Amino acid sequence: MIKKDNIFYRARMQAAQTNPLHASRERTAYEIYVSPEALSDYESGLTVPGCDVVQKMVEAYGNHDLRGDHIRAHCPLLPDYGGQQSHLSQAALGWAVAFQSAQEVALQFAKVARDGRITRDEIDPACAIRAKALEVKTVMEESITAIDNALAQMKREG
């Protein structure tokens, strides 16, 4: 049974308001590369999607808040940070999200790059790899800034 307060169901229904195709679980599941049964399990709370699936939902639904909602609801590291969200803790959580599927992407990149070029059937995977690389780049830049700021604050405080 789908829970209407489930973040994944709610995000899909919001997306359906602007794109009626998302009203169909089957079509949405196809778009985010999961089975309709898996999407149903996510939306009913039976299982929690991996960060790579959540990222596909974010892109398909155009709902960038879903990433944060997922982290707040399901990230095992979040309780360690208490209620206070600093730039440093947000950067650390960004690593958890960005690198959870990095091994899979690295293997996919190796497969695409093995012949030193991108063929027509490798365009979509190459674009997905590029998007992941940009995400990782952003996480790294945010982490460097957060660490630099925290170190500077520590120096100021003595």
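**Words and their cut-offs**

Guide: In this predicted model, D115 has a relative accessible area of 40% and is described as partly exposed.

Visitor: Why is D115 called partly exposed?

Guide: Buried means under 20% and exposed means over 50%, and D115, at 40%, lies in between, so partly exposed is the term that applies. D115 is found in the loop between α7 (102-113) and α8 (123-157).

Visitor: What makes the pair formed by D115 and the backbone nitrogen of R117 a polar contact?

Guide: A polar atom of the D115 side chain lies 3.2 Å from the backbone nitrogen of R117, and because the limit for such a pair is 3.5 Å, the distance falls within it.

Visitor: How do you know which way helices α1 and α5 run relative to each other?

Guide: Helix α1 (residues 7-18) and helix α5 (residues 65-74) pack at an angle of about 165°, their axes being 10 Å apart. Angles over 145 degrees count as roughly antiparallel, and therefore α1 and α5 are roughly antiparallel to each other. Their crossing is right-handed. On the α1 side the contact is made by I7, F8 and A11, and on the α5 side by L66, D69, H70, A73 and H74; these residues divide into 5 nonpolar, 2 polar and 1 charged.

Visitor: Which residues of helix α3 are buried, and what covers them?

Guide: In α3 (residues 36-44), the buried residues are A38, L39, Y42, E43 and S44, and their cover includes α1, α2 (25-31) and α4 (51-61). Just after α3 comes G45, which takes a positive phi of about 85°.

Key: Residues are numbered from 1 along each chain as its sequence is written. This is a predicted model: local features need pLDDT of at least 70, side-chain atom pairs count only at pLDDT 80 or more; totals for chains, interfaces and linings use all residues. Side-chain values use heavy atoms; hydrogens and water are left out. Axes are lines fitted to C-alpha atoms, for helices over the stretch in contact, and angles run from 0 to 180 degrees between N-to-C directions. Helices (H or I, at least four residues) and strands (E, at least two) are DSSP runs, numbered from the N terminus. Angles under 35 degrees count as roughly parallel, over 145 as roughly antiparallel, 65 to 115 as roughly perpendicular and the rest as oblique. A crossing is left-handed if the near helix is turned anticlockwise from the far one by less than a right angle, and right-handed if clockwise. Contact means heavy atoms within 4.5 Å. Ala, Val, Leu, Ile, Met, Phe, Trp, Tyr, Cys and Pro count as nonpolar, Asp, Glu, Lys and Arg as charged, and the others, Gly among them, as polar. Buried means under 20% relative accessible area, exposed over 50%, partly exposed in between (1.4 Å probe, protein chains only). A polar contact is a pair of N or O atoms within 3.5 Å; within protein, one must be able to donate a hydrogen and the other to accept it, and residues adjacent in sequence count only if both atoms are side-chain atoms.
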